[in-house]
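Subject: Structure handover

Hello,

Here is the structure for you to look through. My notes on what was found follow below it.

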Amino acid sequence: MTSRTDRLRRISPRTKLLLWSLPFAVALFVFAGCAKKEPEVVPEVSVQVTAAKKGDVSRIVAAEAVVFPLQQAVITPKISSTIKSFAVQRGARVRKGQLLAVLENADLSAAATQSKGEYEQAEGAYVTSTASSIPEQIQKAELDASSFKAAADAQKQVAESRKELFQQGALPRRELDAAEVALAQAQSQYQQAQKVLDDLRRSGKEQAVKSAGGQFNAAKGKLLASQAALSYSYIKSPINGVVTDRPLYPGELATANQPLLTVMDNSSLIAKAHISQAQAVGLKKGAEAEVRIAGQDDAIAGKLSLVSPALDPGSTTIEVWVQAAKPPDSLRPGMTVEISITAATVEDAVIVPNNSIFQTNDGANYVVVAGSDNLAHQTTVQLGIRGVTETQITSGVNAGESVITSGGYGLPDKTKIKIEAPEKNEDADTAGDKSDRKTADSSDGKTADKSGKKTAGKSKSSGTEKE
């Protein structure tokens with residue numbers, strides 16, 4: 001007995017502690033083995049889904065544009081003159097050919113009257129020349145020449161007689177001078193008559209008519225020139241439209257080739273834009289288009305009227321025109337607008353919302369499909385035409401499959417999901433938030449569901465930024 005007590009005393013304190021705690025450890029192990037094992041909690045994410053469907057999808061090209069009139073005339077006078085009067089004010093609607101302004105034109109009017117008289121005189125001479133015959137003209141010319149020759153001979157005799165009397169002192173000097181002057185005139189008339197006779201004999205009727213015709217045409221040209229100069233003082237509109245600018249006032253000097261009036265035809269406006277080469281692929285003249293004014297909900301229908309055949313050398317972009325045939329009064333030249341052009345349309349295609357499409361780090365496109373097993377499945381897809389709100393899927397997803405539109409971005413494959421109906425309005429949102437708060441207060445398991453819902457909302461926002 002004593003030896004046993006001594007052996008126990010020789011045991012170290014640490015060994016004693018182990019010996020004493022061993023029964024308790026065995027009892028704890030037995031109790032833990034007998035207790036029921038709790039199941040592992042699997043996280044669940046709330047998502048919203050939309051079924052892939054069959055429908056039409058269009059590729060839309062959008063760009064900012066500036067509005068211009070299809071026709072515009074900056075009217076400049078051809079002559080410099082004082083402005084006599086204006087017939088229109090700024091903002092007035094005018095017709096093609098309507099009188100807009102009158103310049104001072106008294107000198108031009110006088111020149112036109114003189115030219116008209118010369119023209120009428122030349123016209124009469126031409127008619128007389130073409131109506132008469134050459135034999136008659138030659139006969140008349142011969143008679144004229146003979147008459148003038150006889151008169152010249154008689155006057156010569158008178159002059160010689162007076163010269164003799166003057167030398168004898170029987171006649172004053174002034175009478176001799178008068179006789180010599182009369183002789184000179186008679187000889188000149190005879191020479192002219194003889195020249196006319198020689199010309200008629202040499203050229204004949206054809207040349208006479210040609211000469212008269214040339215004089216007539218020259219007079220006519222002078223008349224037309226004077227009338228044109230007079231017409232330049234009357235400023236008329238070359239197009240139908242509205243007077244948008246009138247910088248001068250009556251009494252001021254209108255300088256040639258300087259703007260006097262501006263007329264715009266705003267019955268048909270065009271929106272000009274520059275787009276990239278990639279955007280211009282597939283665009284064709286006549287394509288459907290829309291024009292939107294900032295702050296207005298209703299779009300203005302239009303047509304693609306021009307796709308430039310060449311690139312802009314400065315920006316390497318392509319200029320396009322969208323024409324609005326019947327623009328409203330709110331659309332004005334000079335405005336900046338947004339245009340949308342339908343580049344291509346595919347009918348009966350499999351389409352999904354744009355916010356359901358994501359990209360991997362290597363650039364592959366994928367959607368998250370909500371499976372019948374309540375799990376999320378990442379599915380790689382091939383895209384076709386991308387529209388404003390929906391995109392064509394050429395492979396990877398079939399019509400009728402449910403794709404996740406909210407909560408899918410960044411969601412791991414095979415994640416357990418809970419499908420929620422989309423919230424309709426703010427009242428429903430408020431009711432949902434209250435319900436979530438009640439659920440969070442009631443149990444920890446429901447709190448995990450609410451956390452999953454919040455995570456889904458953040459994923460949707462991230463997905464939008466990704467796109």
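Where is asparagine 398 found? Asparagine 398 lies in the loop between strand 18 and strand 19 (402–406).

Before more detail, some ground rules. This is a predicted model, so local features need pLDDT of at least 70 and side-chain atom pairs count only at pLDDT 80 or more, while totals for chains, interfaces and linings use all residues. Residues are numbered from 1 along each chain as its sequence is written, and side-chain values use heavy atoms, with hydrogens and water left out.

**Whole chain**

The chain has eight helices and 20 strands. Both are DSSP runs, numbered from the N terminus: helices are H or I with at least four residues, strands are E with at least two. Of the 467 residues, 29% count as buried. Buried means under 20% relative accessible area, exposed means over 50%, and partly exposed is in between (1.4 Å probe, protein chains only). Now contacts, meaning heavy atoms within 4.5 Å. Among those with a separation of 6 or more, 76% join residues 24 or more positions apart.

Asparagine 398 counts as exposed because its relative accessibility is 53%. Leaving aside neighbours within four places in sequence, asparagine 398 is in contact with Ala52 and Val350. Isoleucine 351 is 47 residues away from asparagine 398 in sequence, and 9.1 Å away in space, C-alpha to C-alpha.

Glutamine 392 sits in strand 18 (residues 390–395). Glutamine 392 counts as buried because its relative accessibility is 13%. Not counting residues up to four places away in sequence, glutamine 392 touches several residues, including Val57, Val350, Ile351 and Leu383.

**Strand pairs**

Two strands pair if DSSP finds at least two bridges between them. Strand 15 (residues 365–370) and strand 16 (residues 376–380) pair in the antiparallel sense, over five bridges. Alanine 370 has alanine 376, in strand 16, as its bridge partner. The hairpin has five residues between these strands, and asparagine 374 takes a positive phi near 65° there.

Elsewhere, four strands form an open, antiparallel sheet in the order 6-5-3-8. Its edge strands are strand 6 (234–236) and strand 8 (253–254), each pairing on one side only. Strand 3 (residues 81–86) pairs with strand 8 over two bridges, again antiparallel. Serine 81 has alanine 254, in strand 8, as its bridge partner.

Best wishes
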